[in-house]
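Please open the model in your viewer and keep the selection panel at hand. The stops below go from the whole chain to single residues.

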Amino acid sequence: MQLLRLIMLSLAVFLFQGMSAQPVRKALDDKGLYKPGSLNPSLVKKSVRKEASDDEWVALGTGRFRDDFITTFYLLECLEFDVEIEESATTPGLYRLKSPYKNYPYASAIEMVDDTYMEINATDPDHVFFVSYDTGFSLNTEDGTFFISSIAGYQYEHYGNIKEAIEDGECGTLRDGEITFPHASLLVRGQYDSDTQWRYANYNNGFRVRLPGAPDLDVSISINGLDETEENKISVNFQIGSGCEKVKVAMVPGDYTDNMYDGIVNGTISSTEITESQDVLFPYEKDGVYSFVAVPYIGESPKKVAYLISELTLLNTGWKSWGNCEYTEGIICDNEVAFEGLTVETYPVEIQEKLDAPGYYRLVDPYGLTYRYSSSNSYDTNHKYYMEIDATDHDAVSIKRMDNGCGLNLGVGTMIIWSKADRELTDRGKTKEEVAKMGYFGKLENGVITFPTESILIQYYDFKPDTYYWGNANGHFKVVLPEEAAAAGIKGVDTATSGANGVKEYFTIDGIKVVNPSAFPGLYIVRENGKCFKTIVK
């Protein structure tokens with residue numbers, strides 16, 4: 001469609017060109033979030049949008065508004081807050097929200113003095129839309145106030161109808177007193193952007209308006225872990241809203257599909273019925289991707305589904321967890337087109353070792369929520385993302401291609417990480433000796449994995465699928481193994497042939513015997529009287 005192509009083009013150009021500019025704003029606190037109450041009132045301009053119609057309006061009371069617009073610009077949660085809602089006296093289903101962002105947690109009432117109204121047309125509950133609205137809210141002078149719209153509303157304003165939006169499935173719906181919209185069917189722009197510079201919003205499926213008096217049908221799902229009292233059972237907590245008379249819950253293998261909802265409702269999928277918030281035990285015999293599905297009911301009528309997709313690795317079949325390593329990120333923050341404002345960070349990441357291939361490691365969610373610039377909005381927590389590092393040969397270390405990306409989206413889509421060494425070996429058919437001569441291999445030395453400068457690649461797949469950029473530009477990348485993992489990685493030291501009369505023999509972590517270790521300070525394995533232990537020679 002012409003509109004969508006235009007918006008997509010503007011979005012792609014903005015994001016890719018803006019990577020050197022600032023797609024992720026600097027944080028004001030230590031978690032990358034703006035602190036409440038820290039905003040400068042002088043930076044916020046009053047809304048200039050007037051009432052859209054002269055209808056008579058009837059106050060309905062206080063509802064709830066959940067934002068998924070500001071999240072397009074900042075690493076914030078989809079925050080929900082109170083809003084006063086009115087309905088047209090002459091046009092049922094036409095609602096208006098009174099200055100909805102006045103109660104936004106990062107705004108204050110003194111900043112937004114004049115009331116303005118955001119109108120939402122839900123006269124057809126299957127095809128809801130709203131036109132451009134100046135929120136009157138801003139976080140800095142660069143963007144000015146935020147304007148928001150729905151794609152259907154954009155079409156209505158420009159073409160006088162929402163026919164194309166209906167055909168493309170871009171309209172919202174009104175169900176059980178809640179207005180929601182499909183993924184990425186909403187728009188947001190800054191005050192100084194043109195009308196063709198809208199960015200997609202509602203990427204987290206978070207936007208919602210709950211009308212006053214609507215039943216609370218929310219179900220929150222969280223995984224407790226393996227049950228301590230019953231073998232092969234996993235405990236999952238379900239917190240159910242006050243409007244749920246009962247909830248049917250189930251654990252189903254695979255990513256969520258609508259067939260799971262249908263199966264629970266018609267009984268072809270086994271489920272457990274609960275009437276209050278509680279923990280539920282499900283059989284758990286193997287690792288994999290599972291969907292935890294909850295269907296709330298009012299009477300015998302099933303309502304909106306809630307689900308949590310999670311890749312479970314609680315059994316760690318084939319892998320041994322060594323706990324946390326120390327990971328120094330030197331790729332996303334340090335490449336040819338790195339994001340401005342991102343600094344080198346060192347943080348803990350779980351590391352596992354393959355049981356049948358000692359020295360073959362994987363970092364579990366290296367860009368997960370422990371990474372400073374990651375949040376529940378920017379990181380995909382539904383699946384595990386692994387950085388596999390082949391250090392079976394300590395002098396020829398490589399990073400396997402992260403085919404599905406690293407799980408983090410900082411506004412440029414999927415980011416794929418790969419080492420040059422593995423690309424030469426697996427994609428270009430080079431021999432190990434040839435790659436070694438190129439100087440692309442990393443190394444594992446004294447329990448620390450490092451790589452040469454510019455030997456790690458990053459690809460912004462959604463915008464430049466054929467282009468790789470050089471990462472680790474300044475050589476910051478580093479993985480410090482836990483002491484136990486480093487010691488376990490020692491190979492070739494035979495305890496059965498110790499030196500006579502308690503003579504100590506020294507070996508590197510690769511199992512190479514060293515006659516004069518004092519000449520080369522570092523971590524060594526000492527063999528004495530049929531036993532091995534590690535020591536540090538200074």
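Predicted model: local features only at pLDDT ≥ 70, side-chain atom pairs only at ≥ 80, totals over all residues.

Residues are numbered from 1 along each chain as its sequence is written, and side-chain values use heavy atoms, with hydrogens and water left out.

**The whole chain.** Select the protein chain and colour it by secondary structure: there are seven helices and 34 strands, taken as DSSP runs numbered from the N terminus (helices H or I, at least four residues; strands E, at least two). Of its 538 residues, 50% count as buried, where buried means under 20% relative accessible area, exposed over 50% and partly exposed in between, with a 1.4 Å probe and protein chains only.

**The largest nonpolar core.** Next, select Y327, I332, Y367, M387, M415 and V479, which touch the most other members of this 44-residue core. A nonpolar core here is a set of buried Ala, Val, Leu, Ile, Met, Phe, Trp, Tyr and Cys residues joined through side-chain atoms within 4.5 Å. Among the elements that give two or more residues to this core are β20 (319–328), β25 (415–419) and α7 (483–488). A second, separate core of 35 residues includes F69, M118, Y133 and A201.

**Around M415.** Which residues does M415 touch, not counting those up to four places away in sequence? They are I332, F339, G405, C406, L408, L410, I458, Q459 and Y460, with contact meaning heavy atoms within 4.5 Å.

**Helix α5.** Now select residues 420–427, which form α5, and find K420, A421, D422, R423 and E424, which are buried. The buried residues of this helix pack against β24 (398–399), β25, α6 (432–438), β28 and β29 (469–471). After α5 comes G429, whose phi is positive, near 70°.

**Two single residues.** Finally, select L315, in the loop between β19 (306–312) and β20; with a relative accessible area of 36%, L315 is partly exposed.
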